[in-house]
Amino acid sequence: MSSTPTATDSWARNAVVYQVYPRSFVDSDGDGLGNIAGITAKVGYLHDLGVDAVWLSPFYPSALADGGYDVDDYRDVDPRLGTLGDLDDLIAALHERGMKLVVDIVPNHTSNRHRWFQAALESAPGSPERARYVFRDGLGPDGEQPPSDWVSHFGGPAWTRVPDGQWYLHLFAPEQPDLDWSNREVHDEFLSVLKFWSDRGVDGYRIDVAHALTKDLSEPLRSKPTVANDATPETGDDPLFDRDEVHAIYEEWRQLFDQYDPPRTAVAEAWVPASRRVLYARPTELGQAFNFDLLEASWDADTYQRIIDTNIANAAESGATSTWVLSNHDVVRHATRYGLPAGTDLESWLLSDGKSAEEDPEIGRLRARAATAVMLALPGSAYLYQGEELGLREVADIPHDRLQDPMWLRSEHTRKGRDGCRVPLPWTTEAPAFGFSTAEAHLPQPAWFADYAASTQIDDQASSLSLYREALRLRRSLSAGETLTWQEAPAGVLRFDRTDGWSVVANFSGDPFPVPAGEVLLATQPLSDGVVPANTTVWFAPEAQPRD
Ligand code: BGC
């Protein structure tokens, strides 16, 4: 008997999803800004890489106050990036090659240029237009103090005053006013947006700050004077984040998603404790939640093992699989993280333009390769970030007058922000923009990008690109079972078996470990003298055990 498919048997369960940051991927029209047609031109590259789906960071009309996470219109494409027709072409090109498209949905806030916010500004306090956002009177004699001590994730107060004296809430930049999800109109609007894209053929959604939508707005507003997106308690009773009520929203979304064939998928971006994260991933809700534990992990075997165990167990409990992420558009690239001395404070390092600690690109390269090969060997879904397949490092020394991240300005130059991982990709070694564009790129690319150009890696068996392609090819052909069994290994080494005779040894920092008997399927660096050296991962098919 066939039954309606749900998130429990979704294509996304074990998918490899490639994140494209559209303005920095490929520029096909020569204005220095990446665009949709540029992505379509690279569908062959993505197919050859071997990913199952592409996740597009926001491509909507936007003033780019926060890299596009300030959306003016949820049903359109930024004219600088193309048209709705271009997006239809991209969907068709991906589908033709058997790949899916996931788009970013930003439901916590709109941009301040969104028609709703413009209407709110033109309307009186207490009006239905203002009730879609969080407007409040201020404190103090003339209401000159913000309504609460809440702070913006990018620095400064989370409240901005408008000319008539009221204040509005923005957990991120002032150009990103928070919506009020206790208003039914907001729910209906996002259901309609999700239907709009699902009807156009979009296969899934990445839900931006999924844990922030419902807030405790009862008076007096509760105190929370810490950085807004900080880890939240496990109680579900933080005033701003991860409140229990948020799940009703995603249950309603799931009902919509399941009306499609195949059901639309979704992944929550929710910076919450592991035990709470999986609530968003329940089959009755989004089906997946980002697990950022590896992205925050030091290069250490025990840490990796603990993270892997916890997340596989938690995911199983929720009926989902785990997700795995090493890099994305918000963090220092993992080839750089693993090339910095242990314990380096990344914010301070960025602030020093990469001078406060010395990066060892070779160690970073080896560890990034080894980490990636561990991640891609895990059951569940892996999310890759554009450029990591090239082994790209962080650009830590972008001239300050070229920085775009609101974090830099809003923090009064005490936090550098995330531009260093958003620099347009090097496709070739050619000027002026390494094949990204025929114009200068919107964020400056360093000369050393030439060493990472895709064109020089494509035919080089030892390159990072070749490793990713081979790992993804093997991953497809090997068992897609969802179990992992640990085998004994000395300190500093992880060893596990996947279903159907596929095994993995990852030597983090231990002594050289003997290459296990069997066929080596993949090695992140050459194996000589019969040993797996430190900073190396090997996939192998163990020798068949003699049967009794
Ligand atoms: C996105 C960020 C963005 C923020 C506000 C996130 O978590 O990944 O890039 O700045 O949401 O929308």
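Colleague: Why is Val 209 called buried?

Modeller: This is a predicted model, and the assignment rests on its computed areas. Val 209 has a relative accessible area of 2%, and the term buried applies under 20%, so Val 209 is buried. The residue is found in the loop between S7 and H6. Although Val 209 is not a glycine, its phi is positive, at about 30 degrees.

Colleague: Which peptide bond ending at Pro 220 is cis, and where does Pro 220 lie?

Modeller: The bond is the one from Glu 219 to Pro 220, with omega near -5 degrees. Pro 220 lies in the loop between S7 and helix H6 (246-257). A cis peptide bond also joins Asp 261 and Pro 262, where omega is about -5 degrees. Pro 262 is found in the loop between H6 and S8.

Colleague: What makes the contact of Arg 23 with Asp 78 a salt bridge?

Modeller: The closest N and O atoms of the two residues are 3.3 Å apart, and the cut-off is within 4 Å.

Colleague: Are Arg 23 and Asp 78 buried or exposed?

Modeller: Arg 23 has 3% relative accessibility and so counts as buried. Asp 78, with a relative accessible area of 2%, is buried. Each value is judged against the limit of under 20%.

Colleague: How do you know that Glu 269 and Arg 206 form a salt bridge?

Modeller: Their closest N and O atoms are 3.4 Å apart, to be compared with the cut-off of 4 Å. Glu 269 lies in the loop between strand S8 (265-268) and helix H7 (274-280), and Arg 206 in strand S7 (residues 204-207), so the pair ties together parts that are 63 residues apart in sequence. Both Glu 269 and Arg 206 are buried.

Colleague: Why is Glu 470 called partly exposed?

Modeller: Glu 470 has 27% relative accessibility and so counts as partly exposed. Arg 473, at 47% relative accessibility, counts as partly exposed. The side chains of Glu 470 and Arg 473 meet in a salt bridge, 2.9 Å from N to O. Both residues lie in helix H14 (residues 464-477), three residues apart, about one turn of the helix. An α-helix has 3.6 residues a turn, so residues three or four places apart point the same way.

Colleague: How many salt bridges are counted, and which residues are linked in a network?

Modeller: The count comes to 38 salt bridges. Asp 66, Asp 330, Asp 405, Arg 418 and Arg 422 are linked in a network of salt bridges.

Colleague: How many residues surround the ligand, and which are the closest?

Modeller: There are 14, the closest being Asp 66, Asp 208, Glu 269, His 329 and Asp 330. The shell divides into seven charged, four nonpolar and three polar residues.

Colleague: How do you know that the span of helix H11 agrees with its number of residues?

Modeller: At 1.5 Å a residue, the 15 residues of H11 (residues 361-375) should span 21 Å. The end C-alpha atoms are 20 Å apart, which agrees. At the start of H11, a side-chain oxygen of Asp 360 reaches to within 3.1 Å of the backbone nitrogen of Glu 362. The buried residues of H11 include Gly 364, Leu 366, Ala 368 and Arg 369.

Methods. Residues numbered from 1 in each chain as written. Predicted model: local features only at pLDDT ≥ 70, side-chain atom pairs only at ≥ 80, totals over all residues. Heavy atoms only, no water. Helix = DSSP H or I, 4+ residues; strand = E, 2+ residues; numbered from the N terminus. Expected span 1.5 Å × (residues − 1). Buried < 20%, exposed > 50% of the residue type's maximum accessible area, 1.4 Å probe, protein only. Polar contact = N/O pair within 3.5 Å; in protein donor to acceptor, adjacent residues only side chain to side chain. Near = heavy atom within 4 Å. Nonpolar A, V, L, I, M, F, W, Y, C, P; charged D, E, K, R; others polar.
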